[in-house]
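Please open the model in your viewer and keep the sequence beside it, so that each selection can be followed in both places.

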Amino acid sequence: MANVQLQGLKKSFGAVEIIRGIDLQIEDGEFVVFVGPSGCGKSTLLRLIAGLETISQGELTIGDRTVNDVPASARGVAMVFQSYALYPHLTVRENMGFGLKVRKVARVERERAVADAAALLKLDALLDRYPRQLSGGQRQRVAIGRAIVANPSVFLFDEPLSNLDAELRVHMRSEIASLHQRVATTMIYVTHDQVEAMTLADRIVVLRDGRVEQVGAPQELYERPANIFVAQFIGSPKMNILNVDAAKALLSGETLPQSATQCGVRPEHLQVGSAEGAGLRGTVTLAEYAGAETLLHIELEGGDTCLALHRDGTPPRVRSGVTLTVEPSRIYLFDQNGVAVPTAA
């Protein structure tokens with residue numbers, strides 16, 4: 001196991017700067033997830049750590065070594081790719097042990113390492129099959145097994161579940177979480193899916209345009225977002241962003257800080273009442289029923305729209321009038337630059 005430290009890390013392709021100076025400390029044994037929209041630089045950052053891209057500026061340390069100029073094969077990391085990258089002509093056993101064979105590890109030791117990894121991932125019965133004979137989830141477990149066999153100090157995952165269907169993604173997510181508990185090795189995981197980030201991470205690194213927007217535990221990012229970008233990226237459905245007049249209506253005219261120009265409220269925190277009640281008024285334009293809850297699309301007076309999750313009882317009908325209220329502690333306030341400011345509560 002090893003910690004990973006990034007100091008002023010930058011990466012440019014010609015005149016285009018992709019990673020714009022990142023400082024980050026990842027602790028030994030920690031599970032850290034890089035998350036952000038497409039093009040934010042998360043996969044590039046992972047490839048810099050892996051040694052698959054050269055660092056333009058800054059310093060990268062793994063354990064007690066600065067590894068800027070250390071080749072990928074000597075960094076003590078193992079990477080699991082989105083595409084599985086399995087050799088089709090090799091069996092599961094041969095795929096998992098291929099890296100050790102290239103490094104000329106003795107056959108007995110190689111077979112023991114493959115057997116241990118196969119037992120850990122419940123692949124024992126599949127060792128003599130070829131990739132074409134496996135499901136998507138089984139192939140992904142083989143790719144993870146190949147990484148385990150390498151006995152790395154750091155595991156790197158580059159969107160490993162993106163090719164799987166929804167049900168299998170949930171299953172593999174729990175498999176990866178269980179794997180981290182069992183092997184207790186530092187893991188860095190890249191995804192664009194904030195649900196994966198929230199359920200897997202000890203800490204989440206939210207990236208935008210090659211910069212870090214916020215780093216923190218999932219609950220910290222959900223409850224105390226640093227800005228509107230993080231507030232809307234973390235949480236599903238995403239946070240509603242409204243003007244301050246809407247916040248005053250939600251809070252029955254309560255005084256707000258002068259620096260606040262926008263307010264945020266999560267759909268799950270809005271309380272939906274009848275049209276005659278006090279609060280922010282609107283009309284239901286769409287109701288998405290999902291069993292335990294209904295997602296309401298509401299057009300507010302003035303033309304803005306917002307989302308509200310209705311969980312108890314019969315939801316209001318489409319085209320019916322409603323009023324919205326919220327506990328003061330559930331209101332998020334932001335200044336004109338989108339940066340969080342303290343609430344009045």
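A residue is called buried when its relative accessible area is under 20%, exposed when that area is over 50%, and partly exposed in between, using a 1.4 Å probe and protein chains only. This is a predicted model, in which local features need pLDDT of at least 70 and side-chain atom pairs count only at pLDDT 80 or more, while totals for chains, interfaces and linings use all residues. Residues are numbered from 1 along each chain as its sequence is written, and side-chain values use heavy atoms, with hydrogens and water left out.

Searching the whole structure gives 8 salt bridges, a salt bridge being a side-chain nitrogen of Lys or Arg within 4 Å of a carboxyl oxygen of Asp or Glu.

Select D193 and R169 next: they form a salt bridge whose closest N and O atoms are 3.1 Å apart. D193 sits in the loop between β8 (186–191) and α6 (194–200), and R169 in helix α5 (residues 166–183), so the pair ties together parts 24 residues apart in sequence. Helices (H or I, at least four residues) and strands (E, at least two) are DSSP runs numbered from the N terminus. D193 counts as buried at 18% relative accessibility, and R169 is buried as well, at 15%.

E196 is buried, with a relative accessible area of 2%. With R169, D193 and E196 all selected, you have a linked network of salt bridges on screen.
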